[in-house]
Amino acid sequence: MTPSLYAADYSPAPAPEILTRPEVGFCSARGAFVLVDKPLGLTSQAVVSRLRRVLGIRKIGHAGTLDPAASGMLIVGVGRATRLLTYIQGADKTYRARVRFGMETTSEDADGDVIARRGATLEQVVDTLPATLKKWTGEVRQRPSSVSAIKVDGERAYARVRAGLEVTLQERPVRIDRIDLVGAPRAGEAGGVGVVDVDIEVTCSSGTYIRALARDLGNEIGCGAHLVALRRIAVGDLGVEDAWSLADVARLVSEEGAQNARCMRPTGEIVGHFLPTVALCDDEAAPLAHGGRVRVAAPARGTSVGTNKDGRELVALVDARAQVRAVAERAGRWWQPRVVVLSEGE
């Protein structure tokens, strides 16, 4: 049976083996976002590399890494939209995950070597899981996996592990808003011991490691656990149902052009999910091209008010074409630009 779009083990169609550059690439002076449904087996950077060829532009970045063993929503900024990625990276994420209780691995997921086969029974997991999920919901302290991309002395933790060095990362505060069971736990056997697979849906703060959550759930129950499948189904309130596979992006760009393909979303349309927006007519937006300020004439619309590190109100100033002209902070009766995205006439 084919898994559903939201299943932990779902993966979209991969990109074609041969990717052709468009005759006219995406204009570097403009910006757009592409919501990509990343397939299994590719790094997030490999997705960016493929899109560079498909769209004919070098200036592309993403708003949050997914491991090769995970699929799902990857928000990609193209051209000037890369200047806006920082306002998306810290958004909450929602995942579907499959956790296998009864076995532990070196990497805390299915790619690592098995280091413990404690075994688990269905009764053991069913009886203890509700209280365990409740304990790990809220503001908690989490120790990231030693094979994460966190830097230690200027080097990625996973690179140090591959070099044979022992790595133990410090606990850090994270927020887990909810952990919901998806379906019933399933008993099985793996590696000569009884195991129990459990699918969960997790909404959490940026920087939360789901493989570390799987490890902690297993330790709490007393049987060990590791992550066997992971899919990011939402970033903020943008769901994976609105994302495109790499194969679809390549097809749409080939048919409709890099500039006008329907998968290329206006910057204001996407940023409006993460920052409040203020709509400007062309005359009001004109001073922004030179770093000029704009008078506060109307309240910001959309998501809850953003703030910068100084606690000042932060908004996206959006023109009539749904393009973000600048991100600005409030200074009295004015919006003062902090990041200018598009200049006049672009």
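## A buried glutamine in a loop

A residue counts as buried when its relative accessible area is under 20%, and because Gln 323 has a relative accessible area of 11%, Gln 323 is buried. The structure is a predicted model, and in this model Gln 323 belongs to the loop that runs between strand S18 (313-318) and strand S19 (324-331).

The side chain of Gln 323 makes a polar contact with the side chain of Thr 267, at 2.9 Å. When neighbours within four places in sequence are left aside, the residues in contact with Gln 323 are Gly 31, Pro 266, Thr 267, Gly 268, Leu 317, Val 318 and Leu 342.

Helix H2 covers residues 122-135, and its 14 residues reach 20 Å from the first C-alpha to the last, which is close to the 20 Å expected at 1.5 Å a residue.

An α-helix has 3.6 residues a turn, so residues three or four places apart point the same way.

## Arginines over tryptophan rings

The charged end of Arg 293 sits over the ring of Trp 334, at 4.1 Å from the ring centre, while the charged end of Arg 330 sits over the ring of Trp 335, at 5.8 Å from its centre. As for pairs of aromatic rings with centres within 6.5 Å, the count comes to zero.

Technical notes: Residues are numbered from 1 along each chain as its sequence is written. This is a predicted model: local features need pLDDT of at least 70, side-chain atom pairs count only at pLDDT 80 or more; totals for chains, interfaces and linings use all residues. Side-chain values use heavy atoms; hydrogens and water are left out. Rings of Phe, Tyr and Trp (its six-membered ring) pair if their centres lie within 6.5 Å; planes under 30 degrees apart count as stacked, over 60 as edge-to-face and the rest as tilted. A charge sits over a ring if NZ of Lys or CZ of Arg is within 6 Å of the ring centre and within 35 degrees of the ring normal. Helices (H or I, at least four residues) and strands (E, at least two) are DSSP runs, numbered from the N terminus. Buried means under 20% relative accessible area, exposed over 50%, partly exposed in between (1.4 Å probe, protein chains only). A polar contact is a pair of N or O atoms within 3.5 Å; within protein, one must be able to donate a hydrogen and the other to accept it, and residues adjacent in sequence count only if both atoms are side-chain atoms. Contact means heavy atoms within 4.5 Å. The expected span of a helix is 1.5 Å times one less than its number of residues.
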